[in-house]
Every structure is written in C-alpha cells, then in structure tokens.
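Dear colleague,

Please find below the structure that I am handing over to you. My notes on it follow.

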Protein chains: 2
Amino acid sequence: MMLRSMYKFRQLAKNIQFLIESGSWPAHKKLPSLRAQAQSSGYSLMTVLNAYQELEAKGWIYTKQKSGYYVSGDINISPEHTNKVALNTNIEINSLVFDHLKRLQQDHVIPLGSAFPSVPLLCNTHFMKILSQHAKLPNSSLSTDSMPPGSLHLRQILASRYSLNGISTQPEDIVITSGALDALNLSLQALTKPGDFILLQQTIFYGAWQAAERLGLNVITIPEHPEHGFDVNAFESALKNYPIKVCWLMLNAHNPIGFTVSNEIKLVIAELLHRYKVYLIEDDVYQELFYEKQKPLSVKYFDKENYVLHCSSFSKILGAGVRVGWVHSRPFSNAIQHLQLMSTVSASNLMQHALVDFIGTHHYEKHLRQLRLKLQKNKNTYYKLLKEILPKSCKIYLYATGYFLWIQLPINVDSTVLYQHLLDKKIVIAPSILFQQDNLPRNYIRLNCSFNLTEPIKRALYTVVEMIKMLEQNAGADGS
Amino acid sequence: MMLRSMYKFRQLAKNIQFLIESGSWPAHKKLPSLRAQAQSSGYSLMTVLNAYQELEAKGWIYTKQKSGYYVSGDINISPEHTNKVALNTNIEINSLVFDHLKRLQQDHVIPLGSAFPSVPLLCNTHFMKILSQHAKLPNSSLSTDSMPPGSLHLRQILASRYSLNGISTQPEDIVITSGALDALNLSLQALTKPGDFILLQQTIFYGAWQAAERLGLNVITIPEHPEHGFDVNAFESALKNYPIKVCWLMLNAHNPIGFTVSNEIKLVIAELLHRYKVYLIEDDVYQELFYEKQKPLSVKYFDKENYVLHCSSFSKILGAGVRVGWVHSRPFSNAIQHLQLMSTVSASNLMQHALVDFIGTHHYEKHLRQLRLKLQKNKNTYYKLLKEILPKSCKIYLYATGYFLWIQLPINVDSTVLYQHLLDKKIVIAPSILFQQDNLPRNYIRLNCSFNLTEPIKRALYTVVEMIKMLEQNAGADGS
C-alpha cells in the first residue's frame with residue numbers, strides 16, 4: 001500500500017514536471033491549490049501534497065507564505081520538449097467533427113472532405129451477388145452465429161492471410177468487430193483507465209482524439225518527421241519521459257497526410273515498444289491500398305512479444321456499409337470480447353458470411369488489384385490538375401498509398417475559414433483542425449481524391465483554388 | 001460556486017444517511033476516513049468534512065476522539081428501506097454474463113437460457129427476399145447514406161407507427177441505432193456522468209447492470225410488486241429519497257420475469273417522473289409480442305414533457321442478426337448522435353433499406369400476427385408440460401406477453417448450481433444471478449420457450465426438472 005502510493009505521488013510529480021519542462025506551465029505561474037489538484041486529478045490530498053513537496057525539494061516549484069505554490073523561474077526548458085513532444089489537455093474535437101460529418105450528409109454536396117472512398121469504385125458485383133444469396137438464408141441474415149469473437153471461417157481466412165504475410169497467426173488471435181473504429185475503440189478501452197497517458201501522432205484521424213476525450217485520457221503527441229513521416233527520436237523521447245501506456249499510430253497510408261513509414265522505422269518502433277513495455281494500437285485500415293509493388297509491412301510484423309494490437313477492416317476496400325473490421329491481439333482477445341458484448345455486440349452476421357465466400361474466390365484479389373489501379377489513377381489525376389492550378393505558395397504531399405492529398409496552404413490562410421467559405425458553395429473539404437489540437441498552424445487541408453474527376457468535381461477543385469487565392473490576397477492586403 | 005458546493009455536501013450527506021437507514025452501514029460501524037471517503041467518492045476533502053459534520057449535527061453519526069466517525073446506535077431504521085429500496089455498490093456481473101453467453105455459443109447445446117427468439121419463427125421469406133434484392137444495389141449494401149440519425153424513410157415509418165399508437169411523433173424525434181442495446185447504452189451515456197444515481201428494477205436484463213458498471217454509476221433498485229409487477233410506492237420512495245437522475249425500466253414483457261405492467265401504473269410512473277424531474281430510459285424491445293387483443297401502452301404514451309427516451313428494435317421480431325434499433329427522444333437526439341458517431345457509427349445501411357420496403361408492405365403486420373400466435377402457442381405448451389412435471393414446490397410465472405417463463409425453484413435450490421450441473425448435459429438455462437445482485441435469493445431461472453417443443457428440447461426439460469428434484473432432495477438430506 002505504501003509502495004503504491006509512493007509510486008503515485010512520483011508519477012504525479014513527473015507529470016507536473018513535464019508540464020513545466022514543456023513550457024505549458026510558465027515560470028511564476030501559480031499551481032492549482034492542493035485541493036483543486038486533488039479534485040481534478042483524482043489523487044488523494046496526501047499524494048498531491050507529497051508530489052508538491054518533491055517538486056519543491058527538486059527546485060521545480062517554490063512556495064510563497066499563505067499564497068501557495070509557484071513554478072520556479074530559473075528552469076532550463078529542454079528545446080526538445082518545446083519543439084516536439086507535447087502534452088494535450090482539454091481535448092475538444094467532437095463538436096467540430098460532428099458538424100463536419102453532418103455537412104457531408106447534406107444533399108448535392110461535393111464531398112471532397114469525406115473519409116470514405118468513392119462507392120462506385122468499391123462496388124463489386126460478385127460480392128453483392130454473394131451477399132444477395134446469403135440474404136435469403138435465415139442462418140446468414142437473421143441469426144447470430146457469428147457472435148464474438150466472430151465467424152470462425154472468417155477468422156481462419158484472416159489468419160492465413162496474416163500468416164502468408166509473415167505474421168504467424170491463429171484464428172483465436174482475431175476478434176471480428178463492427179468496423180475498424182469499433183476495433184480501435186474497444187482496444188483502447190481494454191488497455192486504459194481514465195487518467196492514463198497515451199501517445200498519438202500530432203496529426204491523426206479524429207477518431208483517436210474522440211476516443212481519448214471520451215475515455216478521459218492524457219494525450220502526448222509527437223510531430224510528423226518532414227521526410228520519413230515518423231520521428232523516431234521524438235517517439236523515444238516521449239516513451240522515455242512520460243508514463244505512456246499505449247500508443248495509437250497510423251503508419252501505412254496515414255490519414256490525413258498520406259505517408260507510409262519505411263519498414264526500417266517500423267522495426268525501430270517495435271524495438272522501442274518492447275524496451276519500454278508500451279502497447280501499440282496499430283490503425284492499418286488502408287493496408288491494402290498501396291500502389292507500388294510491395295505491400296508495406298506493419299509494426300505487428302516485427303512484434304514478437306505481442307505488444308501490438310493490429311486493427312483493420314473491409315470498409316475501405318468493399319464499402320463503408322460493410323462495417324466489418326477486426327483486431328489481432330491474442331492477449332487482449334477476451335477483454336475485448338467482454339467490452340464488445342456489452343456495447344456493439346457483434347458485427348453483421350450476413351456480412352461475415354458473405355465475406356467468407358467472397359474472400360475465398362479469386363475475385364477478391366482481382367478486386368483489390370483493380371481498386372488500387374483506379375485509386376492511384378484518380379489520385380494522380382487530381383495531383384496533376386492541382387499542381388497546375390494551385391498557387392506556388394501551396395505544397396501538395398503526394399505518396400504512393402491511399403486516396404488522400406494533404407495540401408499545405410499559404411501560411412496566412414486559415415483552412416477553417418476556407419472550409420466555412422466553401423460550405424456556401426456546397427463544397428466540403430477537411431480542414432486540419434479536424435485532425436490536430438488547435439495550437440498548431442491551421443494552413444492544411446485534406447482532399448479525398450477517390451472520386452472520378454467529373455466536370456462538377458473539377459469545377460469544385462477550381463473553386464477551392466480560387467478561394468485559397470482570394471484568402472491569401474485578403475490576408476496580404478490586411479498587412480499580415 | 002458556493003451554492004454548488006453546498007449542494008454537493010448535502011447530497012453526500014443524504015447518500016450516507018441512506019446507507020445508514022437502509023442498514024447497509026450498521027450501528028457503531030466506523031465510517032471511512034475523510035481522506036478515504038474523498039478518494040473513493042471523488043468529492044473534495046472539504047465537501048466530505050461538511051457532510052460528516054452535517055450528519056453529526058443531525059445525530060446520524062458521532063465522533064470518538066482521535067479515532068474517527070461512527071454510525072449512531074439509536075436510529076430507527078425504516079422498514080420500507082430495509083425491505084424495498086436498495087443501494088447497490090461494487091456491481092460485478094460482467095464475467096458471469098460473458099461466461100453464460102459463451103456457453104450458449106457452443107455447438108449442440110440446448111439454448112433454454114438464450115435471450116433470442118427461435119430463428120425459424122422470426123424468419124420471414126418476404127423480408128429476406130427484399131434484403132436479397134437490396135444486397136445487389138450498391139447504394140443499399142455498400143454506401144453510408146443512412147448515417148446518424150439514420151434513414152429518413154425508416155424514421156418516417158416509425159414516426160407514423162408511433163402516431164397511430166397515440167404518440168405524436170416526427171422523424172426528427174428518432175435516432176436509428178445498431179440494435180436496442182446500442183440505443184439503451186447511448187441513452188444512458190448521454191444522460192449520466194460517473195457517480196450519478198440511476199434506478200433499476202432489482203431483477204432486470206443484465207445489459208442494464210453492465211452499462212451501470214461500465215459508466216461508474218450508483219444503482220438504486222426497487223423490488224418487483226408480487227401482483228402488479230411494478231411497485232409504485234417503492235418507486236416514489238426511491239425518487240423522493242435518492243438523487244436519482246435516470247431510471248431504466250422494462251414494463252412490457254419484462255425480461256426475465258415476463259410481466260406487463262398495467263396502463264394505470266404507467267400513467268402514475270409518468271406523473272412521478274414529471275414531478276421529480278427524472279428521466280426514464282424505457283426498454284420496450286418486446287412491445288410487439290403481446291398475446292391479448294390490445295397492445296400494451298408505454299410510459300412514453302403518457303409522457304407529454306419529454307422525460308422518456310423510448311428504446312426498441314426489430315431484433316426480437318425479425319431476427320437478432322438485423323441489429324437495427326432506435327431511440328425516440330427529441331431533446332437528446334443530438335447528444336446521442338454525437339456519441340454514436342464516435343462509437344458504433346451507424347446501423348447497417350442494407351438492413352435499414354430493406355426494413356423500409358418490408359414494413360411498408362402488408363407482410364409485416366401479417367408476420368407480427370403469425371409470430372404472436374406461434375410464440376403464444378409454444379409458451380403455453382411449455383407451461384403445460386412444466387406445470388405437470390415440476391415439483392409442487394416450484395412456481396411458474398405465466399404472462400400473456402413475450403416468450404420467457406420465470407420459474408421459482410424450491411428455496412433451498414441454488415439456480416447457479418443447477419446451471420453448472422446442466423452445463424455437463426449440454427443444456428444452458430439462465431440462472432437468476434444474471435439479472436440480480438447477489439444479495440437476493442438465488443432460486444429462480446429463466447427459460448426461453450420460443451423454440452418448437454421438439455423431442456430433444458422435451459428431453460432437456462425433463463432433465464432440468466430431474467436435476468431440480470435431485471438438488472432439492474440433496475439440500476433436504478443435508479438438513480437445511
């Protein structure tokens with residue numbers, strides 16, 4: 001008991017130390033009162049007192065008679081911390097995302113901000129035929145024989161696909177979920193309790209921010225590496241300095257930026273996870289959407305100690321309506337099924353049956369090959385057009401995976417303002433604020449390039465570009 | 001700020017007072033220390049101190065020098081509290097339920113403990129044909145045009161069905177969810193935060209216990225009324241004496257007991273909700289499974305002030321694989337959609353499209369009529385057989401709704417032991433511990449009577465009865 005509470009106050013002291021080191025709490029800032037700190041952190045008063053005393057003894061904070069505790073003035077703030085790793089408090093991203101998703105649902109909107117690939121491209125007549133046949137069978141369509149962990153046949157097929165990719169897998173390693181978001185959420189819930197620290201990329205799928213907010217977690221972020229996509233130094237520094245329990249990372253066809261991290265870096269990530277005994281929730285929903293010869297590996301491939309929970313789904317290759325995903329994690333299989341049975345219960349029985357039959361045919365691989373070609377073609381077409389018409393002050397990030405283009409706007413153009421202006425023209429884009437906390441520059445947007453470049457979409461792209469130019473000029477005219 | 005914290009300590013004092021009144025904290029029991037209480041309750045030390053001082057001033061507790069606070073010895077414990085309303089702490093029902101659901105999934109098991117109706121009875125060829133047709137249409141099967149709040153057509157149909165039943169409803173009042181459990185969970189999550197008090201029936205669908213456990217809620221329970229099913233006096237006493245925010249009740253074809261509460265009592269419930277300003281999550285999944293002429297009303301029918309969130313689904317009438325439910329609550333529609341978009345995302349697009357077409361035909365009403373007849377017939381057949389072969393010391397609860405029989409075993413027979421013994425014989429029943437906290441007598445089981453009474457099921461029922469007799473005799477022989 002004593003040991004446990006000693007550990008607790010050390011942890012709290014460490015957390016506060018990093019708020020100071022990172023510059024979040026500046027010199028001579030007054031610390032929260034003991035009571036306020038105890039209330040907001042959930043620690044006991046005694047733990048808070050011990051933590052403050054430890055910090056005082058170490059010179060991080062000082063006391064003023066009858067007034068309280070203050071941050072010391074003579075601290076060397078490590079430039080590494082101020083520039084790279086950041087602690088994010090008071091996350092509030094839900095209402096933004098909610099508003100955005102609602103806009104995308106409206107009629108006659110050009111959904112360049114959508115996360116879903118174009119339906120006609122995903123649409124596979126063989127799959128739909130199989131689905132249609134299963135719909136007539138009561139055991140497929142109406143029963144629940146695919147309750148957690150999900151259809152054994154489907155798990156067998158997934159296991160052999162993993163094994164073929166060098167990740168030796170048994171059906172028991174896999175839990176089928178209602179899409180990838182369900183897999184990711186259940187994994188995070190199984191691994192954490194409120195107040196735990198998790199690590200995210202600073203620019204990431206908003207679902208990760210939402211989950212962190214909902215579960216009451218502290219979020220440490222690391223920036224993207226300008227060249228490699230993933231900054232291993234920042235990553236190691238975060239693991240070394242913060243009590244991180246879980247990372248949630250996207251390394252293949254990153255949403256929203258689009259990069260795919262090299263296999264060498266993934267190996268290093270796996271080694272660091274093992275060294276620091278930290279779990280990784282690997283969001284790999286775009287794993288099949290690569291356009292070069294070799295399929296990119298996952299960190300799971302390098303993980304021989306079961307620290308990685310690998311999550312993916314069929315939604316990005318067969319349609320968002322499929323809503324069948326999975327998580328690959330033997331040690332947490334039971335915990336995840338527990339949580340699943342009291343929330344999302346199970347993925348669609350009908351879809352699971354149909355997937356088993358479809359993935360077993362040669363039509364599946366053929367579908368993937370054709371989908372890759374079409375998505376790559378559309379992405380390149382968008383890129384060429386945008387390269388031509390965007391002002392030179394913009395930068396387009398082009399990678400050979402996925403179907404997003406991440407575009408850096410002129411520094412004085414706020415993508416949230418751009419977003420608002422374009423809504424009036426029935427065009428929805430995804431501004432960077434959806435993927436980042438609001439302390440970062442806002443001059444980025446994500447465009448979905450999976451749709452065939454029809455005339456209306458072409459016109460929409462021209463409108464986006466004109467609007468960017470207008471905002472850039474206005475900002476210039478304001479003298480900023 | 002001051003007001004708020006005054007209110008807080010009054011609330012804590014009230015909660016402790018009821019622990020004492022209810023006999024949970026007996027005379028001369030030592031109270032948790034101020035610090036321990038602050039830590040476990042999440043209240044500040046000051047709030048706890050104020051609450052203890054208030055309780056001391058009122059004579060509920062006393063202090064001993066240097067030792068702490070103790071429960072007073074001369075308190076009149078209200079018999080109403082000891083017998084009826086109960087505060088439930090440390091809820092732990094998940095692993096039991098998980099084990100139970102896993103057993104039901106095993107091959108060659110007689111699933112008398114299942115909550116799902118027999119698949120062949122639900123199976124409707126017209127519905128499956130429509131489903132099969134929609135499966136071929138990309139916009140039905142693969143797209144996501146039914147994102148929250150769900151298909152407009154489906155919400156229109158549901159709204160007119162409500163209106164026909166006297167509950168004037170607009171499509172905007174309804175959010176489509178992934179089954180009823182999703183509707184119930186989202187509703188509870190939208191209405192509460194950890195530490196809030198909710199009210200449940202003491203015997204209730206385990207999903208309610210699981211949700212309370214997961215969300216960190218305090219649960220007040222009221223007992224069933226032996227005659228009317230619902231005890232309005234206990235209900236009012238609970239609302240009057242506890243800071244209850246939300247009730248979660250099942251009043252039609254109650255799971256597991258089976259009773260349906262009269263319309264008169266539902267009216268009183270609605271009036272009490274309005275008087276005490278308490279929300280009701282009304283679990284009405286069995287609303288269509290009534291066997292007398294008149295469809296029972298819901299509390300929602302009597303709720304003119306929007307205090308009721310009415311939840312139901314198609315799973316119990318068309319198949320558990322359908323996984324389409326809904327919640328009817330205009331004021332919380334947005335909050336529920338928020339939570340939905342970051343967790344379960346949306347109910348199956350394909351199923352929503354197919355339901356729209358099916359419910360529009362006369363086949364739907366015909367299906368309901370036939371289903372009712374078949375379920376009623378099977379239930380009566382089971383009842384007649386069991387009435388004949390069960391020992392006289394058992395009591396069967398028979399009601400004209402739903403497909404469960406709730407059976408009271410001899411007082412010395414523990415249904416959990418019966419459950420374990422029957423597992424060896426590949427028979428799964430539902431013991432009362434799945435639906436209640438473990439301070440209640442365990443001599444009850446729930447049987448699912450929706451399956452046609454085939455020879456194997458008949459044999460299983462005989463085995464259940466033999467086992468009950470054996471356990472009764474053994475207990476008698478032990479001298480208990």
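How many residues does the contact take from chain B and from chain A? Chain B gives 55 residues and chain A gives 53 residues, where contact means heavy atoms within 4.5 Å.

Please note that this is a predicted model, in which local features need pLDDT of at least 70 and side-chain atom pairs count only at pLDDT 80 or more, while totals for chains, interfaces and linings use all residues. Residues are numbered from 1 along each chain as its sequence is written, chains are lettered from A and ligands numbered from 1 in the order in which they are written, and side-chain values use heavy atoms, with hydrogens and water left out.

The interface

Between chain B and chain A the buried area is about 4800 Å², and carbon and sulfur atoms give 67% of it; buried area is the accessible area (1.4 Å probe) that two parts lose on being put together, summed over both. On the side of chain B, B:Phe98, B:Leu142 and B:Met342 lose the most area to chain A, together 16% of what that side buries. Helix H5 (residues 94-105) of chain B supplies the largest share of the side that touches chain A, 6 residues. Helices (H or I, at least four residues) and strands (E, at least two) are DSSP runs, numbered from the N terminus.

The count of salt bridges between chain B and chain A is 0, a salt bridge being a side-chain nitrogen of Lys or Arg within 4 Å of a carboxyl oxygen of Asp or Glu. Over all chains, a search of the whole structure finds 22 salt bridges. One of the pairs is A:Arg103 with A:Asp99, whose closest N and O atoms are 3.5 Å apart. Both residues lie in helix H5 (residues 94-105) of chain A, 4 residues apart, about one turn of the helix.

The single chain

Chain A has 20 helices and 16 strands. Its C-alpha trace spans about 75 × 60 × 40 Å along the principal axes of chain A.

Yours sincerely
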